[in-house]
Amino acid sequence: MTHDLGHLPAREREATLDRLVDALAPEGLLVVEEFEPTWQTAVLSAPDLDEADHLFNAYHQAFQAALAGSGNDPRWGRHAHHALRSRGLTVDTEGTTRTWTGGSPACLLPHATAAVIRDRLIAAGMPGPDIDAFRQLLLDPDLIVKSNLALSHIGRRAG
């Protein structure tokens with residue numbers, strides 16, 4: 001069974017999580033995988049490190065505001081650990097990040113996202129020229145970034 005908890009409104013997310021935990025057998029496992037948004041610290045290498053840091057930080061701030069404005073909780077990725085513990089599960093969390101090169105399929109996702117939500121990024125304070133520069137940078141093969149932190153929360157019901 002697969003659910004995308006991170007994109008659900010809070011009330012629906014909580015109800016879905018309750019149903020999933022209730023369905024666990026003794027010693028059963030529930031794995032919740034979510035991202036911790038870390039764009040503000042993503043740049044590892046770029047033609048101009050200061051400019052790249054500026055653009056990624058601006059995108060991070062505006063993207064978080066756009067998510068919050070849509071009813072999404074940008075903190076959910078790390079708060080999922082608490083959500084499982086508060087339902088009586090023993091939880092272990094592991095985090096993974098990878099490197100992405102500009103122009104790679106992974107960098108094309110934020111490239112496309114920034115175009116789709118451009119108006120919301122601008123409304124959240126990211127200037128249009130910065131969005132354009134951010135999108136261009138994501139295509140540069142000299143850009144190396146670390147992915148957002150992928151968190152795997154593994155909850156176990158007691159026996």
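**Close-up 1. What sits over the buried side of helix H3.** The cover over the buried residues of H3 includes helix H1 (10-22), strand S1 (29-36), strand S3 (90-96) and strand S6 (149-156). Helices (H or I, at least four residues) and strands (E, at least two) are DSSP runs, numbered from the N terminus. This is a predicted model, where local features need pLDDT of at least 70 and side-chain atom pairs count only at pLDDT 80 or more, while totals for chains, interfaces and linings use all residues. Residues are numbered from 1 along each chain as its sequence is written, and side-chain values use heavy atoms, with hydrogens and water left out. Helix H3 itself covers residues 76-85, and its buried residues are Trp76, Gly77, Ala80, Ala83 and Leu84. They sit on the same side of H3 because they cover an arc of only 90 degrees around the axis; that arc is taken from the directions from the helix axis to the C-beta atoms. Turned away from this buried side, the other face of H3 carries exposed His82 and Arg85. Buried here means under 20% relative accessible area, exposed over 50%, and partly exposed in between (1.4 Å probe, protein chains only).

**Close-up 2. Helix H1, face by face.** Arg13, Thr16, Leu17, Leu20 and Val21 are the buried ones in H1. Looking down the axis, these buried residues fall within an arc of 135 degrees, so they line one face of the helix. Arg11, Arg19 and Asp22 are exposed on the other side of H1. S1 and H3 are among the elements covering the buried residues of H1. The length checks out too: at 1.5 Å a residue, 13 residues should span 18 Å, and the end C-alpha atoms of H1 are 18 Å apart, which agrees. The expected span is 1.5 Å times one less than the number of residues.

**Close-up 3. Strand S6 and its partners S1 and S3.** S1 and S6 run antiparallel and are joined by 8 bridges, with leucine 29 opposite arginine 156 in S6. S3 also pairs with S6 in the antiparallel sense, over 7 bridges, and threonine 90 has arginine 156 as its bridge partner in S6. Two strands pair if DSSP finds at least two bridges between them.

Close-up 4. S2 is joined to strand S5 (residues 144-146) by 2 bridges, and serine 45 stands opposite isoleucine 144 in S5.

Close-up 5. Leaving aside neighbours within four places in sequence, methionine 126 is in contact (heavy atoms within 4.5 Å) with Leu55, Ala58, Tyr59, Ala62, Leu121, Ile131 and Phe134.
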